[in-house]
Amino acid sequence: MKNLLVTGSSGLIGSEVCRYFGREGGFHVHGIDNNQRAVFFGPQGDTRWNEQQLRLELPHFTHHELDIRNRTGVASLVAALKPAAIVHAAAQPSHDRAAAIPFDDFDTNAGGTLNLLESARRHCPEAPFVHLSTNKVYGDAPNLIPLRELDTRWEYADPAYEHGIAETFTIDQSKHSLFGASKVAADVMVQEYGRYFDMPTCCLRGGCLTGPNHSGVELHGFLSYLVKCNIEGRTYSVFGYKGKQVRDNIHSLDAARFMAAFINAPRSGEVYNLGGGKVNACSILEAFALTEQFTGRPQVHTYVEQARSGDHICYYSDLRKMRAHYPAWDITKTLAQTIEEIVKAWQRRSQ
Ligand SMILES: NC(=O)c1ccc[n+]([C@@H]2O[C@H](COP(=O)([O-])OP(=O)(O)OC[C@H]3O[C@@H](n4cnc5c(N)ncnc54)[C@H](O)[C@@H]3O)[C@@H](O)[C@H]2O)c1
């Protein structure tokens, strides 16, 4: 069996990728995760439950308790496995958390990515390398686009953005947060290994990646955390922009399906904006209403005037490049379906 190496395998994206390739792809899946999410966010961020599930569910799965900052450890594992493909989803994923832990953030996001890229170059340069990047590489530059205020959301007023933000958008000269900056370093490095060494790499600049297997916390995992608050009757804090700020949400299964398309027909040094696009975009107020439909409970919330530093007011991905390069791929899960699945998952997990 071919080996697939997945970093961050106990997290939202990593675990979805393990399941997808473990069930459908005919791979032996090797997951790397050290439950660092619990270190970043405390017990609410713990991902051990998902690691245990993977061990139970997948007959061809091996967990490796390894920190991606461990350069020799990563190199030895890649040398031993010689994976046929690598999906790199381990990260310090929070925009807001990074300022308090700048070294952990940069060493994980930038240094960890370099460890994986260089190990791949030495031991399996032909293997497609999929890197989970973020729309925060664009910094807060999307906030310079003129907006219209609608009843429940902000919307682009400039017709040039009718389909959303494309991969050609500037990543320069804006406020990124330290997280955005460490992810830019990784993103550019992944592109460089593609262009300079001709390796089959790509960066997926995620909007809101979501799904039932997220361990959502206030500082990361927008929909997962919002639904959790609703179910537990906790107060959800809205930070600025009247709660009309817009995020585009993609189910982790649709993200995994895109990765499979890329791995089957890879390109070099590519960049894609991976989100739910315009149809799966919603504001926080709209997410409250949708969630209430499925739980039957009102969302308890409070409003904080001060917006999060560098937060996007309106962001949705232009999916046209993804569709043009991989025409068989498209979004299959609607926003409502996704929220319903997240509701059911939290109801199960809170029993
Ligand atoms: N979820 C989103 O909304 C979103 C949006 C844009 C980009 N992304 C990117 O997608 C990727 C996956 O995000 P996610 O939502 O699945 O995050 P997640 O926190 O659910 O999963 C990441 C996993 O990586 C592990 N990890 C972290 N540091 C590690 C280290 N040093 N060594 C080994 N394992 C480590 C964590 O324990 C966790 O299980 C990240 O790169 C993130 O920046 C996510």
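Modeller: Helix H1 (residues 12-24) and helix H8 (residues 252-264) have axes that come within 9 Å and cross at roughly 60 degrees. Helices here are DSSP runs of H or I with at least four residues, numbered from the N terminus, and axes are lines fitted to C-alpha atoms over the stretch in contact, with angles from 0 to 180 degrees between N-to-C directions. This is a predicted model, in which local features need pLDDT of at least 70, side-chain atom pairs count only at pLDDT 80 or more, and totals for chains, interfaces and linings use all residues. Residues are numbered from 1 along each chain as its sequence is written, and side-chain values use heavy atoms, with hydrogens and water left out.

H1 and H8 are therefore oblique to each other (under 35 degrees is roughly parallel, over 145 roughly antiparallel, 65 to 115 roughly perpendicular, and the rest oblique). Their crossing is right-handed, meaning that the near helix is turned clockwise from the far one by less than a right angle.

On the H1 side, Leu12, Ile13, Glu16, Val17, Tyr20 and Phe21 meet H8 residues Ser252, Leu253, Ala255, Ala256, Arg257, Met259, Ala260 and Ile263, where contact means heavy atoms within 4.5 Å. The residues of this contact divide into eleven nonpolar, one polar and two charged; Ala, Val, Leu, Ile, Met, Phe, Trp, Tyr, Cys and Pro count as nonpolar, Asp, Glu, Lys and Arg as charged, and the others, Gly among them, as polar.

Leu12 also faces the ligand: a polar backbone atom of Leu12 is 3.0 Å from a ligand oxygen atom.

How values were computed:
Polar contact = N/O pair within 3.5 Å; in protein donor to acceptor, adjacent residues only side chain to side chain. Helix = DSSP H or I, 4+ residues; strand = E, 2+ residues; numbered from the N terminus.
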